[in-house]
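Please look first at how the parts of this assembly meet one another.

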Amino acid sequence: MQYVTSTEQLAELVRSQARVRVAGGGTKSATSRLANVSLSRLSGVLQYDPEEYTFTALAGTRLEEIDRLLRSKSQYLPFDPPLIEAGATLGGTVAAGLSGSGRLRYGGVRDFLLGARLVTGLGETVTTGSKVVKNAAGLDFPKLMVGSLGKFGVMTELTFKVFPAPQSCATIVLDTEHLAQAVEIMKSLAISQLDLACLDMDSSRRIWARVAGIREAVELRAQRVLQLAGGRGTILTDQQDADTWQACREFRWVPDEHSLIKVVITPDRIAPLIAALENLPYRISVGGHLAWLAWPRLRSSQELDQILHKLGCPAVALMGEWPSPWIGDHQENVFEQRLVMALDPNNKFSLSQPAGA
Amino acid sequence: MDANRLEEFRTQLSRLFPAGRLLTSATQVASYESDGLTAFRDRPDAVVLVESADEVVDTVRLCHQYGVPFVARGSGTSLSGGSLPIPGGVVIALNRLNRLLDYHPSHGTIVVEPGFVNQHVSKHAAQDRLYYAPDPSSGPVCTIGGNVAFNSGGAHCLKYGMTANHVLGMKVVLPDGEVVHLGGQSLEMAGPDLTGMFVGSEGLFGIALEVTLRLLPQPERYHTVLAAYDTLPKAGDAVAMVVASGLLPGAMEIMDNLAIEASEAAVHAGYPLEAAGVLLVELEGPEEEVAAEIPLLEKVIGESNAYEVRVAQNETERMTIWKGRKCAFSAVGRLSPDYIVQDGVVPRTRLREALDEIQRLSRKFDLRVANVFHAGDGNLHPLILYDGRIQGQLEQAEQLAGEILKMCIRFGGSITGEHGIGVEKIDFLPQMYGELEMQLMKRVRLSVDPSQLANRGKMLEVSAGKTDHKHTPHPLEQAGIISRA
Amino acid sequence: MLHTIPVEQLGPRGTSMSEAVSSCVHCGFCLPDCPTYRVLGEEMDSPRGRIFLMKDALEEKLPLAEVLPYIDRCLGCVGCVTACPSGVEYGDLITSFRAWSNEQRRRTIASRVLRTLVLKSLPYPGRFRIGVKIGQFAKPFRRLLPSRLRAMLDLLPDTLPKPAPLPEFFPAIGKRRARVALLAGCAQQVLSPQINWATLRVLARNGVEVVIPRNQQCCGALAAHTGAMSQAVTHARHNLGVFPSDVDAIITNAAGCGSGMREYGLWFQGQAEEVAAKEMADRVQDISEFLVQLGTIDAPPLSAPMKVAYHEACHLVHAQGVSDQPKKLLNSIPNLELVYVPEGQICCGSAGAYNIEQPSIAHQLGTEKAQSILATGAVAVAAGNIGCMTQIAVHLKLLGHQLPVYHTVELLDRSYSSLE
């Protein structure tokens, strides 16, 4: 494993080696296990302007550091990235395209990335996007980076837009009788005018809704959510509320010897997916547009692949060993191929071959 | 292209479209020669009025076969020349390709054809108390396809983002006629964000045939405030104060005195005519949340030294206040025979500096500049007024415009916040980005469209391949990576 | 928009045309409210496109003959003027352009015959009456006729009301509060004479005495809006001579007439009568406008509740800016539930003689308007223009519904009829 501490160093590696696969904090083992270059020492916040709502940091910077810095100025990352405690980095989060439950409100990681400095497969260093919150100039390479697991280029610096952190939050926990009821409640809450921050459902069909904003208003709104959902449930505030979502963010519900999988769904897929999983642990998130699965390491990858294919759901395996982290209903289309040809014509970043020495 | 081949092309095209939908005479195509950027005008070889996605694909394939450049056009409202025809090329008019294909209120999604009008999305979703957030001022006219091509913005970008943030997936036809699916129907994605790469590519990557959009629940309550200031910098400072307070309004807009004058003459929204600047701030959200935010906003506005503050008392008043803002560009036509509208972005904290500089340039060039802008995200729209009948004024106006863009670059901003590059700012893109970045963009473009047929001449300069009988191999071709077969 | 229109060569019209083109910024806000753009879906049949084409024709960049079909298809509804943020006076532009191009264009024989038929009969009640009778006679043979003549026949009622000639003077009831002159209209007098009589009674009830100049002629709007400017000016000049100036207002109850008369200043641009024409135009008011300004007596309730859909005539709402007043009047009648027609800003297809000249587009618009009206669930329709009333009635009938169509003033008259 080679550790880089500068962009130039990385660019040189790309130019001189046949293969470069990058790892950040190693939290998404399905991809980082293939890595031969680490960015964990390419770390540090380069610029932070709270009045501008923007910051720029090196890709290997840990989310923990950024989160702490933003909070000190009453700001936060609105896409609620997961695995903060586990040591996830900014670059790794973008490459894996990961957003947390809180992305429901204002958007996911793709909606907050403004600019990226990256190294292409030809070893060129380019600065793409911008440092301001609004930009329509040129091609949107930062967006292309999101979720691409580094296949088009390696990010070294990232510029993000942030928002003021909400003053207060409250969680409404709703018990439900059966799955159909839970799904109905989720659907109606998702498009209600209650402006929810989070809307999840766990394996025991319990719904977890969160509201955020000004304290007095949050209390009233939490009550409204409870009423709208039929009244059966509890409201968590302050430390309890914070602990709940921290546990969720760190995926504490995933048992040992299980791989974490991110599955893209729509609300109508919830029931068929759960049926196909047969009692495996899961968490539905983002009002029914995202599902996290815990897949036992001992079970075959083809099995999950088939299930997801049948449901027409694309997915990303974040942990465990997989022939390719992209499973389920994925197809590399022509557009993608042409982009690879331009950005990485020699396939240095490709995921499908094992990392060389 | 030699005359025989052109004739062949035309014959083939006439087999795809009945006479009424294939426009070729000078008179028939004249009104398609310009879009919202009236300074430019070019004549296409033909305009086709498509009525199905298949017709789009067939046309693109035919163009590819014969090497004929093409551009798609929605309502032709682009302010950067995005739908300006390519001389000798084809205009693919999509305004009739405007059906609603699928509507899923419980998922908060809708699928439409590219000719669907922007505001009609919200109109349709209103029945379920949903709406489509990106609201460019041309919303009643512009189409989703155009919004996708240019990543259109609007006044509510601060909180909700631009078009790209609301497009979940698309079906597109690439410049060689290949049809691909990007993204999907979900808010989330697995795999590269190809949708995000396509949105804002100004037609260079092909044409969208179906677009899946995200719908949001309508805010329960709006609180819309119009504050008047006796100096423009005070209005700018007020914005900084709102931001510092931790509030996140749905929109924050500023208009200066000239813009107010024009808007009032057109719309009679009741804007205060003597104000040096007005600030429009809108809070939105659940009832209780807005109610809790109002006292905070009042305090901030109070401290900002506005000499007059108005609050919209009902939906009608709110719409009137917004009408005054949204008609501002077009209304400026009353103040001056001609104008250029710019679209630069500066960091919000440097807004005051930017306005001072614009004023200085206005004096230097002796041309009036009206200012309308999305103060919340530092997106300026200086409207440079000039009279084209006076010798040299157009050139002066363009120079002034150029200086403003250079200022935006100097300040670390952007040369366009939402109107895109089109033809208008081609010279400035290489000033905002360096040589390597420009080469990368061109390489990507050539990889997707080796013959440069899709909206040729826009955004990126045209390199070898402009005239198709000059067959100099491109470096990527020499490397065997692409071929022009 | 920049242009090189040779203004000096075009006379006084040149100025209004070039100013309109100059003020257009090509923003396209007019497109959604243009009936022909909605129906035909092509840029040449939108206000923005037509401005471009007219500009090019005046600059001699395009042959006039090729541009004219698109200009002919314009309804002249000026819905675009209402929508335009830049203040483009499209109405002035198209009227002037039609006058200018009329002098130069060649029309087919069929077109000339049709135009003569319309222009020489409609504005003259006597001749029109005869024409209608002949038309009614010809109705059974409609299939044998060319489409435009057929379209005309389809608009004719099955029976004509008896003639009801108007007096020269109609006194106020009670204290006199105002004195006005009435433009009686032409087609209206033949097809629906009761509108004028209702107008007189309603005015009288409100203390207004009415002078009806005996020798008045057609206001000239029909001729002007189809480019027959000299005929229009002849009518207007005559009316300048016969309408008194010692009146508080000149009342029109047909939107087309009101909008035409308000253009008198434009028609006489650069001529001796320009000032007098402008003065007369300034005194013209629609009946609803006048009544609301004056203040009306309390309206008694209708004998039974009635849900009425109010149709906004484009020549009232767009060309004259009169929209609130008729609604206010109708809303003031107890037992009358007023509903608005969705997409009310779009023309019904009547627009002067449009339904005769462009029957296919007019038919589509008329059908859509009738459908919108039916969607409101109203049992009757109110409007401020005889052309619209006819067009709507015909298209409601074609859809199988025979809702009564009233003039706004007829409903007021009905309400007042319960007063002694």
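A salt bridge is counted here when a side-chain nitrogen of Lys or Arg lies within 4 Å of a carboxyl oxygen of Asp or Glu. By that rule B:Arg443 forms a salt bridge with A:Glu124, and the closest N and O atoms of the two are 2.7 Å apart. The model is a predicted one, in which local features need pLDDT of at least 70 and side-chain atom pairs count only at pLDDT 80 or more, while totals for chains, interfaces and linings use all residues. Residues are numbered from 1 along each chain as its sequence is written, chains are lettered from A and ligands numbered from 1 in the order in which they are written, and side-chain values rest on heavy atoms, with hydrogens and water left out.

Which of the 2 pairs of chains that touch has the most contacts? The most contacts are those between chains A and B, where contact means heavy atoms within 4.5 Å. At this interface 87 residues of chain B are in contact with 80 residues of chain A. The size of an interface is often given as the accessible area lost when the parts come together. For chain B and chain A the buried area (accessible area, with a 1.4 Å probe, that two parts lose on being put together, summed over both) is about 7000 Å², and carbon and sulfur atoms give 60% of it.

The interface of chain B and chain A holds 9 salt bridges, and it also has 37 residue pairs in polar contact, with both residues at pLDDT 80 or more. A polar contact is a pair of N or O atoms within 3.5 Å; within protein, one must be able to donate a hydrogen and the other to accept it, and residues adjacent in sequence count only if both atoms are side-chain atoms. The elements of chain B that give two or more residues to the side touching chain A include β9 (179-183), α10 (287-303) and α16 (435-448), the helices (H or I, at least four residues) and strands (E, at least two) being DSSP runs numbered from the N terminus. The largest share of that side of chain B, 8 residues, comes from α16(B). By class, the side of chain B that touches chain A has 43 nonpolar, 25 polar and 19 charged residues, where Ala, Val, Leu, Ile, Met, Phe, Trp, Tyr, Cys and Pro count as nonpolar, Asp, Glu, Lys and Arg as charged, and the others, Gly among them, as polar.

Chain B also meets chain C, in a contact that takes 31 residues from chain C and 37 residues from chain B. Chain C and chain B bury about 2500 Å² between them, with 56% of it on carbon and sulfur atoms. Across this interface there are 2 salt bridges, and the side chains of B:Arg73 and C:Glu43 meet in a salt bridge at 3.3 Å, N to O. On the side of chain C that touches chain B, two or more residues each come from α2 (35-40), α3 (47-58) and α4 (64-72) of chain C, and α3(C) gives the most, with 6 residues. The residues on that side of chain C divide into 18 nonpolar, 7 polar and 6 charged. Chain A and chain C, by contrast, are joined by no contact, and their closest C-alpha atoms lie 21 Å apart.

Within chain A, an automatic or database domain assignment gives domain 1 (2-164), domain 2 (168-246) and domain 3 (258-328). The contact between domain 2 of chain A and domain 3 of chain A takes 13 residues from each of these domains. Together, domain 2 of chain A and domain 3 of chain A bury about 970 Å², 59% of it on carbon and sulfur atoms. A:Asp200, A:Met201 and A:Ser203 supply 40% of the area that domain 2 of chain A buries against domain 3 of chain A, more than any other three residues. The count between these two domains is 1 salt bridge, and the side chains of A:Asp200 and A:Arg283 meet in a salt bridge of 2.9 Å, N to O.

Lastly, C:Thr199 is found in helix α11 (residues 193-205) of chain C. C:Thr199 counts as buried because its relative accessibility is 0%, buried meaning under 20% relative accessible area, exposed over 50% and partly exposed in between, with a 1.4 Å probe and protein chains only. The side chains of C:Thr199 and C:Asn253 are joined by a polar contact of 2.9 Å.
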